[in-house]
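Me: I'm new to reading protein structures. Could you walk me through one, feature by feature?

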Amino acid sequence: MFKRLKISIIATMLLVATASLSASGSAFRKGSLMVGPAAGLSSGIGSSGVVLIGNLEYAITDHIGLGVSAGYWSYSEDTSAGTVQVKYKYTVLPIAATGAYHFHISSNWDLGAGVALGYYVVSSSVESNVSG
């Protein structure tokens with residue numbers, strides 16, 4: 001069952017909209033290289049985790065950028081039914097090629113919409129107090 005879950009999230013294509021504030025005050029321009037980290041916490045019903053991502057994008061024109069993204073996601077979930085306790089742990093390593101179109105709305109703001117096509121390396125483990 002868990003292998004089917006892993007297989008269903010191996011490859012993904014995302015359409016994302018992003019906005020970023022340029023630290024130097026200049027907009028996205030041909031020849032520029034943008035590097036940026038992202039970090040976050042995820043939570044849901046009975047689960048918690050951490051997300052770390054690094055992005056690299058090169059401006060091939062004043063509006064179009066190509067790049068790569070790689071990261072680390074980890075989360076766990078504890079469940080119980082009566083005396084049975086189960087802990088699930090998942091680790092995901094996403095690797096993606098990215099493309100984005102940047103809209104120049106001001107000299108300080110860079111609004112973009114993009115696509116990512118990638119691969120997820122997924123591992124999971126299950127611990128239980130049930131023998132057998």
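Reply: Let's begin with strand pairing: two strands pair if DSSP finds at least two bridges between them. Keep in mind that this is a predicted model. Here, strand E4 (residues 64-81) and E5 pair in the antiparallel sense over 16 bridges.

Me: Can you show me one of those bridges? Which residue in E5 is the bridge partner of Asp78?

Reply: That's Lys87. Then look at the turn: the hairpin of E4 and E5 has 2 residues between the strands, and Gly82 takes a positive phi near 65° there.

Me: Let's zoom in on one residue. Is Thr91 buried or exposed?

Reply: Check its relative accessibility against the cut-off: buried means under 20%. Thr91 has 18%, so it counts as buried. It sits in strand E5 (residues 84-104). Leaving out residues up to four places away in sequence, Thr91 touches Tyr72, Trp73 and Ser74, as well as Val121, Val122 and Ser123.

Me: What share of the chain counts as buried?

Reply: It's 23% of the 132 residues. As for the surface, the chain exposes about 8,900 Å², with carbon and sulfur atoms supplying 64% of that.

Me: Now for the rings. How many aromatic pairs does the structure hold?

Reply: It holds 3. Take Tyr101 and Phe103: their ring centres are 5.0 Å apart and their planes are at 70°, so this pair is edge-to-face. The angle decides it, because planes over 60 degrees apart count as edge-to-face.

Me: How should I class those two residues by accessibility?

Reply: Partly exposed lies between the buried limit of 20% and the exposed limit of 50%. Tyr101 has 38% relative accessibility, so it counts as partly exposed. Phe103, at 39%, counts as partly exposed too.

Notes: Residues numbered from 1 in each chain as written. Predicted model: local features only at pLDDT ≥ 70, side-chain atom pairs only at ≥ 80, totals over all residues. Heavy atoms only, no water. Phe/Tyr/Trp six-rings, centres within 6.5 Å; stacked < 30°, edge-to-face > 60°. Buried < 20%, exposed > 50% of the residue type's maximum accessible area, 1.4 Å probe, protein only. Helix = DSSP H or I, 4+ residues; strand = E, 2+ residues; numbered from the N terminus. Contact = heavy atoms within 4.5 Å. Areas by Shrake-Rupley, 256 points an atom, 1.4 Å probe, with all protein chains shown as cover.
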